[in-house]
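Subject: Handover of the model

Hello,

Please find the structure below, with my notes after it.

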Amino acid sequence: MSDIVLRAAQSTDAGTTGAILSAFIDETDWMPRLYTRAQDIGFAGSMIESGWVNVATLQEHVVGFMARDGVDINALYVAPQHRSKGVGAALITQAQAHNAHLKLWTFVANIRAQAFYAQHGFREIGRTDGTNNEEGLPDIQLEWRKEGL
């Protein structure tokens, strides 16, 4: 999608980014809902306030976001109707262009995310049984390194 515009998130993007996060939780049968939708918006707002979030927009509407603290990708979500259209790829490609190394965690059950990250050069570096995450779900740590490093 060549009309995707990436930009730093603004405080006014918290509602939309929180709603995108909530939509993923609502439609994912294996993902427990631990927080209210209002808390999801508050969480998105705190990540934005920390300067971690870039958003992807189409015709000035936020359709996806990535939260990244240094090399750690904390969140990458795309609105349901915009998935598989290059939004996530644009966000991850931008992060890779500005970093030599990236890391993230995804759940073992999230096969779609694992395939997406593999397409973008990430590889597995570890697994846990989920005892150390809020959701209590087994997870996988992935990393990407720029070639030659």
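Predicted model: local features only at pLDDT ≥ 70, side-chain atom pairs only at ≥ 80, totals over all residues.

Residues are numbered from 1 along each chain as its sequence is written, and side-chain values use heavy atoms, with hydrogens and water left out.

Helix α4 and what follows it

Helix α4 runs over residues 111-119, and its buried residues are Ala113, Phe116 and Tyr117. Buried stands for a relative accessible area under 20%, exposed for over 50%, and partly exposed for anything in between, with a 1.4 Å probe and protein chains only. Helices (H or I, at least four residues) and strands (E, at least two) are DSSP runs, numbered from the N terminus. What covers the buried residues of α4 includes the strands β4 (72-78), β5 (101-107) and β7 (139-145), along with helix α3 (87-97). Contact, here and below, means heavy atoms within 4.5 Å.

Just after α4, Gly121 has a positive phi of about 85°. Phe122 sits in the loop between α4 and β6 (123-128). With a relative accessible area of 7%, Phe122 is buried. Not counting residues up to four places away in sequence, Phe122 touches Ile73, Ile92, Gln96, Leu102, Leu104, Tyr117, Leu142, Glu143 and Trp144. One of these, Tyr117, is also among the buried residues of α4. Phe122 and Gln141 are 19 residues apart along the chain, and their C-alpha atoms are separated by 9.6 Å.

Ala109 and Asn110 are both in the loop between β5 and α4. Which residues do they touch, leaving aside those within four places in sequence? Ala109 is in contact with Trp30 and Gln114, and Asn110 with Phe24 and Trp30. Ala109 counts as partly exposed at 40% relative accessibility, whereas Asn110 counts as buried at 14%. From Ala109 to Trp30 is 79 residues in sequence and 7.4 Å in space, C-alpha to C-alpha.

Helices α1 and α2

The axes of α1 (residues 14-27) and α2 (residues 37-49) come within 8 Å and cross at roughly 125°. Axes are lines fitted to C-alpha atoms, for helices over the stretch in contact, and angles run from 0 to 180 degrees between N-to-C directions. The two helices are therefore oblique to each other; angles under 35 degrees count as roughly parallel, over 145 as roughly antiparallel, 65 to 115 as roughly perpendicular, and the rest as oblique. The crossing of α1 and α2 is right-handed, a term used if the near helix is turned clockwise from the far one by less than a right angle.

On the α1 side, the contact is made by Ala14, Gly15, Thr17, Gly18, Ala19, Leu21, Ser22, Ile25 and Asp26. On the α2 side, it is made by Arg37, Asp40, Ile41, Phe43, Ala44, Gly45 and Ile48. Together these residues divide into eight nonpolar, five polar and three charged. Nonpolar covers Ala, Val, Leu, Ile, Met, Phe, Trp, Tyr, Cys and Pro, charged covers Asp, Glu, Lys and Arg, and the others, Gly among them, are polar.

Two loop residues with positive phi

Most residues other than glycine have a negative phi. Glu60 is not a glycine but has a positive phi of about 70°. Glu60 lies in the loop between β2 (53-58) and β3 (61-69) and is exposed, with a relative accessible area of 75%. Ser84, also a residue other than glycine, has a positive phi near 65°. Ser84 is in the loop between β4 and α3 and counts as exposed at 72% relative accessibility.

Asn54 is found in strand β2 and counts as partly exposed at 24% relative accessibility. Leaving aside neighbours within four places in sequence, Asn54 is in contact with Arg7, Ala8, Ala9, Gly64, Phe65, Met66, Leu91 and Gln94.

Regards
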